[in-house]
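Here's a quick tour for anyone opening this structure for the first time. Have a look at it, then read on for the main points.

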Amino acid sequence: MRSKLKLSEVIRYTLLVLGTVTVFFPLYLTVASSFKTSSEMFSDFFGLPVALNWSNYSSVLQAPDYLMAFSNSVIITGVSIGFMMLLLPMSSYAIARRMKHSKIYNILYFFIVAGIFVPFQVKMLPMVKLMSAMGIMNQFGAILIYLATSTCEGVFLMVGYLQAIPTDLEEAAYIDGASTNKMFYQIIRPMMAPIISTVVIKNSLWVWNDYFMPSLVLNQSKAVQTLTLYQYSFKLENSTNYTIIFAVVALSILPITISYLIFQKKIVSGLMDGAIKG
Amino acid sequence: MESHQIVKSRNYDKERRLTHFLYVLPSTLLYTVFTIVPIVSGLYYSFTNWNGISRVYKYIGVQNYLKIFSDRRFIKAISFNITYAAMLILCVLILAVILALALNANRFHRTFFQMTYFFPACISMLTIGLVFNYIYFQGVPALGYALNIPWLQKNILSSKQLAVYGILIANIWKSVAIPTVLIISALQTIPNEIIESSKIDGANAFQRFRHIIFRFILPTLSIIFVLLLKEGLMIYDYIVALTGGGPAGATESITMSIYRQGFEDMKFSYAISQAMIVAVIISTVSIFQIKMSSKKKIYD
């Protein structure tokens with residue numbers, strides 16, 4: 001009995017190690033290749049680099065493109081998330097508290113939540129026409145699109161959360177003469193922290209990693225491209241220079257890796273909650 | 001005194017109403033301008049023959065829609081997506097269940113394994129596509145020569161039959177993460193006593209899986225099924241980074257086909273009407289998803 005138990009444990013452990021190797025292999029390959037010279041890469045694709053050759057990184061970092069793309073991604077993600085944290089709790093709160101009594105807010109709720117069912121494909125073509133007519137095929141326009149798109153799921157998740165919070169505290173605050181604004185920011189919004197964090201995590205990864213929307217809106221010049229666009233355009237321009245492409249990929253994965261190491265628990269739970277409900 | 005109170009509460013009511021209105025205003029405006037307006041104008045264009053650039057176009061009724069169902073390119077792309085989604089669902093579900101069972105029962109380095117398995121979920125699809133592109137370009141052929149397997153010696157992405165598996169593998173690498181963690185949390189809802197008593201009754205591991213574990217994780221599996229179906233029907237980024245739809249259109253997904261016809265082939269209004277059809281399909285899937293997740297709460 002005992003030895004049988006051990007065997008199943010060994011199988012399980014081997015399986016998990018194999019899976020880990022599968023996850024690490026592309027990452028290992030990226031980092032290892034980014035330190036190789038081109039000739040080294042052709043002679044030995046899988047092995048470790050002979051020496052830490054930083055020239056790929058220095059040539060990527062010497063051109064302004066990487067840093068420009070990186071700062072564009074930071075700005076677009078940062079500003080979008082900042083405004084989502086401001087606007088989504090506000091609108092969700094008003095809808096959650098009004099929709100039971102007011103027909104208009106009830107309709108508004110379903111009007112917004114219906115957007116969850118609309119795939120990006122259906123709005124992309126007219127959206128690009130609209131944005132170019134408005135002259136906002138730039139970072140500003142991208143931020144507006146992210147804010148608009150995040151509304152549906154954000155409101156859905158947050159209204160669901162708010163409905164579970166009893167209104168007694170609010171009523172007490174009103175009787176004490178607090179303004180709606182003060183009451184919201186001092187009592188309700190702090191209580192929304194868990195759901196705000198879920199929405200923020202899911203949307204940060206989405207905005208940061210998104211390729212499709214930027215490829216439609218930010219394709220006018222290099223000055224506006226995000227990190228994912230930069231990776232793709234770099235690949236098209238340097239299709240023979242693999243080692244440098246791996247340096248670009250490594251530099252693009254790095255910010256995500258660092259955030260993952262720091263916020264691992266929050267990211268896992270945020271993405272899981274977002275996946276089930278969203 | 002009493003009238004004073006009423007006046008006060010009326011003022012409050014007014015203030016509350018105004019604040020609430022101002023709270024919903026920005027989100028509602030953004031959503032209306034950048035989601036509703038494109039959809040409505042898209043619906044309008046889908047009944048015209050606009051090519052996306054010209055100044056004049058005319059109303060042509062449902063002609064675009066009638067054309068779709070006899071359009072070879074559309075049918076080919078849609079069947080690519082459906083086959084692809086089926087393969088994705090099958091592979092990810094099986095792998096995720098195996099990994100979740102192994103992770104859940106495993107006692108060693110638990111945090112490390114969970115952390116590792118989840119990491120791919122955080123990397124962008126495009127980046128993953130680029131890395132796998134080079135693995136197929138150089139790595140796999142090198143392996144093919146070393147092991148003397150002829151069909152591996154060429155880049156699988158340049159083969160009409162194999163390219164789709166190249167995309168699928170990259171996709172699976174990322175997409176197993178979230179389902180695995182979801183299944184683990186479903187596994188943790190199974191009461192220990194049930195497992196223990198089934199062991200005493202002499203049920204083997206397979207019977208235990210079929211009659212107990214499977215029933216507990218079924219609601220989660222159905223949610224994952226729908227999520228993956230949606231992912232498979234909307235696939236785009238991996239294809240851009242891996243094959244660009246080739247070779248010879250063998251891996252052109254419906255999204256890619258719509259994009260190209262709309263922006264490159266001057267078939268703007270026709271592409272929109274295809275997008276409308278796809279939207280109906282994907283929305284139906286999404287409605288199922290929401291229904292299932294609200295059902296899941298009952299099981300919890």
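**A pair of helices to start with**

Let's begin in chain A: the axes of helix α7 (residues 139-163) and helix α10 (residues 193-209) of chain A come within 10 Å and cross at roughly 155 degrees. Axes here are lines fitted to C-alpha atoms, for helices over the stretch in contact, and angles run from 0 to 180 degrees between N-to-C directions. Helices themselves are DSSP runs (H or I, at least four residues), strands are too (E, at least two), and both are numbered from the N terminus.

This is a predicted model, where local features need pLDDT of at least 70 and side-chain atom pairs count only at pLDDT 80 or more, while totals for chains, interfaces and linings use all residues. Residues are numbered from 1 along each chain as its sequence is written, and chains are lettered from A and ligands numbered from 1 in the order in which they are written.

**More on that helix pair**

- At that angle, α7(A) and α10(A) are roughly antiparallel to each other (angles under 35 degrees count as roughly parallel, over 145 as roughly antiparallel, 65 to 115 as roughly perpendicular and the rest as oblique).
- The crossing of α7(A) past α10(A) is right-handed, a label used if the near helix is turned clockwise from the far one by less than a right angle, with anticlockwise giving left-handed.
- On the α7(A) side, the contact uses Y146(A), S150(A), G154(A), L157(A), M158(A) and Y161(A), and α10(A) brings I195(A), T198(A), V199(A), N203(A) and V207(A). Two residues are in contact if their C-beta atoms, placed from the backbone, lie within 7 Å.
- Sorted by class, this contact has 7 nonpolar, 4 polar and no charged residues. Ala, Val, Leu, Ile, Met, Phe, Trp, Tyr, Cys and Pro count as nonpolar, Asp, Glu, Lys and Arg as charged, and the others, Gly among them, as polar.

**Chain A overall**

- Chain A has 13 helices and 0 strands.
- Its radius of gyration is 24 Å, well over the 19 Å that the globule rule gives for 278 residues, so chain A is more spread out than a compact globule. That radius is taken over C-alpha atoms, and the rule is 2.2 Å times the number of residues to the power 0.38.
- Helix α8 (residues 168-175) of chain A has 8 residues and 0 of them are buried, so it lies largely in the open. After α8(A) comes G177(A), with a positive phi near 90 degrees.

**Chain B overall**

- Chain B has 12 helices and 0 strands.
- The radius of gyration of chain B is 26 Å, well over the 19 Å from the globule rule for 300 residues, so chain B too is more spread out than a compact globule.
- Buried residues account for 39% of the 300 in chain B.
- N148(B) sits in the loop between α5 (125-147) and α6 (163-175) of chain B. N148(B) is exposed, with 8 other C-beta atoms within 10 Å.

**Where the chains meet**

- In all, 72 residues of chain B touch 67 residues of chain A.
- Helix α1 (residues 2-45) of chain B gives the largest share of the chain B side, 20 residues.
- That chain B side comprises 51 nonpolar, 18 polar and 3 charged residues.

Methods
Buried ≥ 20, exposed ≤ 12 C-beta atoms within 10 Å, placed from the backbone.
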